[in-house]
Amino acid sequence: MATQQRTQVGIIGAGPAGLLLARLLKVHGIESVILEARSRAYVEARIRAGVLEQGTVSLMEEAGVAGRLHRDGLVHDGVEITVAGRRFRVDFCELVGKTVTVYGQTEMTKDLIAARLAGDGPIVWEAADVALHDIDSGRPGLSYRLAGVEHTLACDFIAGCDGFHGASRPSLPAAKSRSFERTYPFGWIGILADVPPCSDELIYASHARGFSLASMRSPTRSRYYIQCALDERIEDWPDARIWDELELRLASNPPPRITRGPSIEKSVAPLRSFVSTPMQHGRLFLAGDAAHIVPPTGAKGLNLAASDVHYLCRALIAHYRTGNDDLLGAYSDTALARVWKAERFSWWMTMLLHKLYDETSFEAQMQRAELDYLAGSRAAQTALAENYVGLPF
C-alpha cells in the first residue's frame with residue numbers, strides 16, 4: 001500500500017550538501033525529509049575531498065556540528081608548490097589573513113548524519129526510483145520506492161542535492177537549461193594510506209613526468225595523487241609503482257619525507273569542469289554536484305556545495321519567516337556568480353600545474369613562465385591565496 005507524507009523541504013541526496021542544508025534548516029526551525037538512494041554504510045565510506053574553506057567551517061559551526069572538526073581538523077596557513085624540483089610556499093595567513101582546514105569529507109558527512117539521526121528528522125536510505133512532480137506548481141512532490149512499497153512526499157520546495165547522476169537536474173525543462181563542460185585529457189590516480197604525511201602542508205608539484213599532489217586526512221593518514229592517462233587501469237598500478245612515481249615527481253630540496261605503506265583505497269578518476277544553468281526552476285533548487293563539478297586541483301567541490309547551501313538556506317529562511325521570496329528568486333544568479341569564479345580558479349590551477357604540452361612547444365614555455373612569475377610575485381601569490389582560502393559567500 002502506498003504511503004503519503006508531508007514536509008516543508010524535500011531534500012534529494014544525503015551527501016554534504018543535502019545533510020548540511022537539512023541541519024541548517026532545522027537550526028532555524030524548518031522541517032525537511034532527506035531521500036538517499038544509497039545505504040548509510042555506503043555514504044559514510046565514500047572517500048572524497050578534505051580541504052575546507054573558512055566559510056565552510058563557519059557553516060559547520062552555525063549548524064552546531066563543528067566539535068570534532070575543531071578537535072581533529074588540521075589548520076593550514078599555506079601550501080607549497082614544487083616546479084622542476086624547486087619548492088616555494090604561498091603563505092595564506094601573511095597574504096590574506098585566512099587559513100584552510102584539512103578535515104575529510106567522510107568525517108564531515110558522519111558528523112552531519114549523527115546530528116540528523118539524533119532528532120533532526122528522517123533520512124530515507126536506499127530510496128529507489130526517486131521522481132520529482134509538479135515543480136512548476138505551489139505543491140511540488142517526490143515519489144520513491146522503499147522495500148517494494150511506493151511512497152509520496154508532498155513539500156513546499158525541493159532541494160536537488162543528488163549529484164551529477166541524480167534525478168534532479170534532468171527534471172529542469174530542457175528548453176530552459178544549458179550546460180558548459182570541459183573534459184581534461186588526463187586523470188588522477190589516488191592512493192590513501194595510513195602513513196604520516198610527507199609534509200606539514202599540501203605540496204602541489206609540476207614535473208616533466210606529470211602533476212602530483214601530496215595531501216593528508218590526519219596526522220596519520222595520507223592522500224596522494226598523480227596525473228595519469230585517461231585509459232590507465234588501477235590494476236596496472238601496484239602500491240610500489242605509485243610510491244616510486246611519487247618520489248620522482250615530488251623530489252625537491254629539501255626532499256619531502258615520504259613514508260610508504262599499504263594502500264587502503266586506490267582509484268583512477270577523470271577530471272572535468274561542468275556547470276548547468278539555471279540552478280532553479282519553479283520550486284526546484286539545485287545545489288552541489290547536481291549543478292556543477294570542478295577538477296579537484298583547486299579544492300573547491302565540497303566548498304562550492306557549502307556556498308550553495310548558504311544561499312539556499314538564507315532564501316528559505318526569508319520565505320518562512322517573512323514571506324519575502326526575493327532571495328529565492330535570485331538564488332541561481334547569486335550562487336552561479338560564485339560558482340563561475342571557483343570554476344575559473346580550478347581550471348587555472350589545473351592548466352597551470354599539469355603536463356599538457358610537448359616540452360618544446362610555445363604553450364609549455366608559457367606554462368613555465370607563469371609558474372616562474374607565481375614563484376616570484378607577491379601579487380600573483382595573493383591572487384592564488386585569495387581564491388584558495390575561498391571567496392566571500
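This is a predicted model: local features need pLDDT of at least 70, side-chain atom pairs count only at pLDDT 80 or more; totals for chains, interfaces and linings use all residues.
Q: How do strands of a sheet hold together, and in what order do the eight strands of the open sheet stand?
A: Strands of a sheet pair through backbone hydrogen bonds, either parallel or antiparallel. In this model, the eight-strand open sheet has the order β7-β6-β15-β16-β17-β14-β18-β21, with mixed pairing. Its edge strands are β7 (86-91) and β21 (292-293), each of which pairs on one side only.

Q: Are β14 and β18 parallel or antiparallel, and how many bridges join them?
A: Strand β14 (residues 178-193) and strand β18 (residues 263-277) run antiparallel and are joined by 13 bridges.

Q: What is the strand order in the six-strand open sheet?
A: The order is β9-β3-β2-β13-β20-β19, and the pairing is mixed. Strands β9 (123-124) and β19 (280-281) are the edges, each pairing on one side only. Within the sheet, β13 (residues 157-160) and β20 (residues 284-286) run parallel, joined by three bridges. I158 has L284 in β20 as its bridge partner.

Q: Which helix lies across β2, β13 and β20?
A: Helix α8 (residues 301-322) does, with β2 spanning 9-12. The helix runs at about 175° to β13.

Q: How is the packing of two helices read, and at what angle do α10 and α11 pack?
A: Look at the angle between the helix directions and at how far apart the axes are. Helix α10 (residues 362-376) packs with α11 at about 95°, their axes 5 Å apart. An angle from 65 to 115 degrees counts as roughly perpendicular, and α10 and α11 are therefore roughly perpendicular to each other. The residues in contact are Y373, L374, A375 and G376 of α10 with R378, A380, Q381 and L384 of α11. By class, this contact has five nonpolar, two polar and one charged residues.

Q: At what angle do the axes of α1 and α3 cross?
A: Helix α1 (residues 16-27) and helix α3 (residues 54-62) have axes that come within 9 Å and cross at roughly 45°. That makes α1 oblique to α3. On the α1 side the contact is made by L20, L24 and V27, and on the α3 side by L59, M60 and E62. The classes are five nonpolar, no polar and one charged.

Q: Where is the kink in α9 centred?
A: The kink, of about 40°, is centred on S332. Helix α9 (residues 326-353) has 28 residues and reaches 41 Å from its first C-alpha to its last, close to the expected 40 Å.

Note on methods: Residues are numbered from 1 along each chain as its sequence is written. Side-chain values use heavy atoms; hydrogens and water are left out. Axes are lines fitted to C-alpha atoms, for helices over the stretch in contact, and angles run from 0 to 180 degrees between N-to-C directions. Helices (H or I, at least four residues) and strands (E, at least two) are DSSP runs, numbered from the N terminus. Angles under 35 degrees count as roughly parallel, over 145 as roughly antiparallel, 65 to 115 as roughly perpendicular and the rest as oblique. Contact means heavy atoms within 4.5 Å. Ala, Val, Leu, Ile, Met, Phe, Trp, Tyr, Cys and Pro count as nonpolar, Asp, Glu, Lys and Arg as charged, and the others, Gly among them, as polar. The expected span of a helix is 1.5 Å times one less than its number of residues. The bend at a residue is the angle between axes fitted to the seven residues ending there and the seven starting there. Two strands pair if DSSP finds at least two bridges between them.
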